[in-house]
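Here's a quick walk through a model. Take a look at the fold, then read on for a few of its details.

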Amino acid sequence: MNRSLPQDVLDQIAAEERHFAEAPRAFFDAWKRGAEIAGPEWFGDGTPEGLQRATSKWDLRPKVMLLNDALDVLSGGQRMFLSAMVSFYNAREGGAMLKRCGFEGLSDLGGLDLERRQVIADLVLNYSGW
């Protein structure tokens, strides 16, 4: 017996395939926006030029050790935002950083401004692995 799937299921599958085909580029675009907001010193080679030259997320890896060292002197919002970004790069390191910031759950991201919330939302929506 050959039964085809309902059209709404086929449409959903096609929509998800389109989304995930475009997700790596959308993730990089959101990551780069986040690096611009937070400051290029925390990513890649640490320079504005390096940020502008970046063509992939690998060019903008977070400087995890530098961030860990500076975490206590950053503002609360900056700590939370950068720690959340690091968690996409390395879940264990980012999770430890978030814990140091007092992060207990996603509702804690409510303290971020709209621009930073949008970056985190876009990263979540388009994450397909580092």
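Helices here are DSSP runs of H or I with at least four residues, strands are runs of E with at least two, and both are numbered from the N terminus. What you see is a predicted model, where local features need pLDDT of at least 70, side-chain atom pairs count only at pLDDT 80 or more, and totals for chains, interfaces and linings use all residues. Residue numbers start from 1 along each chain as its sequence is written, and side-chain values use heavy atoms, with hydrogens and water left out.

The protein has 6 helices and 0 strands, running α-α-α-α-α-α from the N terminus. Its C-alpha trace spans about 65 × 35 × 25 Å along the principal axes.

Now for two residues:

| Residue | Location | Relative accessible area |
|---|---|---|
| L10 | helix α1 (residues 7–38) | 36% |
| N90 | loop between α4 and α5 (91–100) | 26% |

L10 is partly exposed, and so is N90. N90 also has its C-alpha atom 9.0 Å from that of V64, 26 residues apart along the chain.

How do α4 and α6 pack? Helix α4 (residues 76–89) meets helix α6 (residues 114–126) at an angle of about 10°, with the axes 11 Å apart. That makes the pair roughly parallel; angles under 35 degrees count as such, over 145 as roughly antiparallel, 65 to 115 as roughly perpendicular and the rest as oblique. The axes are lines fitted to C-alpha atoms over the stretch in contact, with angles from 0 to 180 degrees between N-to-C directions.

Notes:
Buried means under 20% relative accessible area, exposed over 50%, partly exposed in between (1.4 Å probe, protein chains only).
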